[in-house]
Amino acid sequence: MKTTIGEFLISRLKALGITEVIGVPGDFNLSFLEQLRDADGIRFVGACNELNAAYAADGYGRQKGVGCLLTTYGVGELSALNGIAGARAEHVPLVSIAGAPPQYATEYRWNLHHSLADGDFANMLDAIAPFTEVAVRITPMNAVEEIDRALHTCLREKRPVHIQLPSDITHLVIDAPEQPFNPRLPHSDPERLEATVNRILERIHAAKDPIILVDQDTDRHGFTPYFRILIEKAGIAFSQLSSGKAIVSERHPRFLGTYNGGASAPGVQDRVENSDCLITTNPRFIEGNSGSFTHAINEDNVINMGDQHVHVGGEFFVGINTLEVLEALTQRVQREAQPAGGGKSVEPFTPNADAPLTQARLWPQFVDFLREGDTVIAEAGTSSIGIGPLPLPANVKYINSSIWGSIGFTLPALLGSQLANRTRRHVLFIGDGSFQLTAQELSTIVREELNPIIVLVNNRGYTIERFILGMNDEYNDVADWNYGALAEVFQPGTSMRSYSASTEGELATALEAIADSDAGAFLEVHLDPFDAPVGLQAFGPATAEFDYGPKGPRNP
């Protein structure tokens with residue numbers, strides 16, 4: 001069929017389920033934006049800058065399965081690169097599109113704005129390529145082939161891809177295939193599928209203490225529903241890495257607790273490391289989720305599941321779609337369930353009305369406020385460490401930057417996530433220092449009439465950095481803004497309501513009002529700058545020793 005290049009790309013994005021493209025206009029992408037404007041079932045949402053747009057597209061992708069970012073050549077692409085790299089680190093499918101200079105100008109190496117004025121138009125792709133699975137410039141001759149290749153790769157590998165779209169070709173007509181885009185992975189080799197399932201069943205049925213260890217890829221590859229069936233049907237206990245928090249309910253009776261090497265919850269390290277059948281999903285151990293590399297997993301006892309391969313105690317199975325393996329496995333597994341004895345319960349929180357807010361009691365009060373089905377977003381640092389040990393309700397979607405750890409990520413990620421699913425209640429926990437990095441995206445949130453609950457932890461600085469180095473130094477201070485006024489400043493007449501709490505009683509009153517309202521809420525909680533969750537108090541000195549060594553500034 002005949003269609004334009006821009007319309008073909010838009011049709012493919014819609015086939016992925018993308019209904020919002022998040023980005024920043026620029027002269028090289030305006031021709032494509034015109035086509036987006038005229039398309040049905042998809043729209044452009046402008047962010048305040050490209051970095052925020054990339055974070056928002058990441059959050060959108062975590063909620064919906066894939067996100068889409070639109071920038072312009074050079075200045076826009078590179079501004080977004082930190083967010084693209086974060087999506088790669090966190091295994092988030094993200095389609096990054098950049099309007100590029102006209103094809104004739106790049107072929108004749110003209111010196112143009114947004115370039116280095118040296119005729120080199122390969123350098124931007126070269127810079128972005130290490131952080132993506134595909135980085136390509138489209139031409140009229142390769143558009144169908146390369147767009148489909150990029151999108152299939154994005155979905156299959158759960159990584160970002162980057163497409164440069166020259167500004168003078170978006171309205172050119174090409175021949176496009178009649179068949180719709182098929183986002184599914186290819187089917188398995190039948191013999192390899194059967195062999196894989198048989199081998200896994202053999203190990204599970206023979207095991208005395210099989211355990212599932214959940215991490216990010218459990219969610220990214222769509223394994224979670226099957227793991228829930230295995231847990232229920234075969235009575236398999238499970239643990240999680242902190243980077244896999246709340247993917248399976250932390251309040252389930254078969255939940256053992258979080259595995260973190262030598263810093264694991266009590267009894268968890270011994271149980272996980274001594275399991276005779278440990279089912280994993282490509283766990284990636286960094287210092288933050290391994291107890292500073294004190295993990296000790298016996299690979300002989302591991303069944304590791306990638307999306308296109310399975311490794312069973314040294315034996316590799318390829319040519320398979322692991323979703324098909326899990327489907328067959330859940331149908332055929334037969335195992336006598338062991339008595340359940342894990343799980344975490346939450347005691348109702350009773351506030352002490354006049355007590356100042358403290359880190360030790362702040363987070364239990366919030367966990368009591370959260371509901372099943374919420375999307376909970378926790379900024380790296382105080383928020384994620386504070387809420388990390390506490391069991392979230394069932395069916396919570398938990399979002400944070402556990403590996404990339406880029407502060408400021410979560411406010412734009414909130415924007416993207418709620419654009420992707422307006423029906424879920426969204427609750428964001430973010431520190432004041434992190435908020436100031438991307439604060440302007442609050443304006444997009446209120447402009448889009450979203451209704452999140454934003455909890456700003458005001459301790460007047462970078463608490464996590466204070467506990468690493470410079471406890472009393474001004475380089476860890478931030479300006480104390482009038483945060484509660486910002487929603488009205490950004491959007492006069494906004495329905496978002498602001499609250500402030502310095503005591504447990506004030507917080508309880510605010511949370512009661514927020515729970516009874518459908519309006520968005522901006523809640524500022526005030527804490528001592530030198531107070532921190534217990535986990536952070538331990539993390540800070542350990543990080544200092546790791547980063548600076550015995551001759552570092554902490555040990556003059």
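**Annotated domains**

I started with the UniProt record, where an unreviewed entry puts "domain: Thiamine pyrophosphate enzyme TPP-binding" at residues 395-525. I'm working on a predicted model, so everything below is computed from that. For residues 395-525 I get end C-alpha atoms 26 Å apart, with 37% of the span in helix and 19% in strand.

**Salt bridges**

Next I ran the salt-bridge count, and it came to 24. I went through a few pairs by hand.

I checked the cover on both partners. Glu-504 is buried at 2% relative accessibility, while Arg-361 is partly exposed at 33%.

Then I turned to Arg-466 and Asp-477, which meet in a salt bridge at 2.9 Å, N to O. Arg-466 sits in helix H18 (residues 463-468) and Asp-477 in the loop between H18 and helix H19 (486-490), so the bridge ties together parts 11 residues apart in sequence. Which side of this pair is buried, and which is partly exposed? Arg-466 has a relative accessible area of 3%, so I log Arg-466 as buried. Asp-477 comes out at 40%, so Asp-477 goes down as partly exposed.

I also noted a network: Glu-20, Arg-43, Arg-422, Arg-447 and Glu-448 are joined by salt bridges that share partners. I looked at one link in there, Glu-448 to Arg-447, where the closest N and O atoms are 3.6 Å apart. Glu-448 counts as buried, with 12% relative accessibility. Arg-447 is partly exposed, with 42%.

**Nonpolar patch**

I wanted to see what nonpolar surface there was around Trp-110. Tyr-104, Tyr-108 and Trp-110 make a nonpolar surface patch of about 400 Å². I placed Trp-110 in the loop between helix H5 (103-107) and helix H6 (123-128). Its relative accessible area is 43%, so I call Trp-110 partly exposed.

Cys-48 is in no disulfide, and the nearest cysteine sulfur, on Cys-68, is 18 Å away. The cut-off is 2.5 Å between sulfurs, so that distance rules the pair out. Cys-48 counts as partly exposed, at 36% relative accessibility.

Cys-154 is in no disulfide either; the nearest cysteine sulfur is again that of Cys-68, at 9.2 Å. What about its cover, buried or exposed? Cys-154 is buried, with a relative accessible area of 0%.

Terms used:
Residues are numbered from 1 along each chain as its sequence is written. This is a predicted model: local features need pLDDT of at least 70, side-chain atom pairs count only at pLDDT 80 or more; totals for chains, interfaces and linings use all residues. Side-chain values use heavy atoms; hydrogens and water are left out. Buried means under 20% relative accessible area, exposed over 50%, partly exposed in between (1.4 Å probe, protein chains only). UniProt positions are given in the numbering used here, feature names are shortened, and annotations may be inferred rather than shown by experiment. Helices (H or I, at least four residues) and strands (E, at least two) are DSSP runs, numbered from the N terminus. Patches are made of residues with over 30% relative accessible area and no salt bridge: like charges are joined within 9 Å, nonpolar side chains (Val, Leu, Ile, Met, Phe, Trp, Tyr) within 5 Å. Accessible areas come from the Shrake-Rupley method with a 1.4 Å probe; for residues, only the protein chains shown count as cover. A salt bridge is a side-chain nitrogen of Lys or Arg within 4 Å of a carboxyl oxygen of Asp or Glu.
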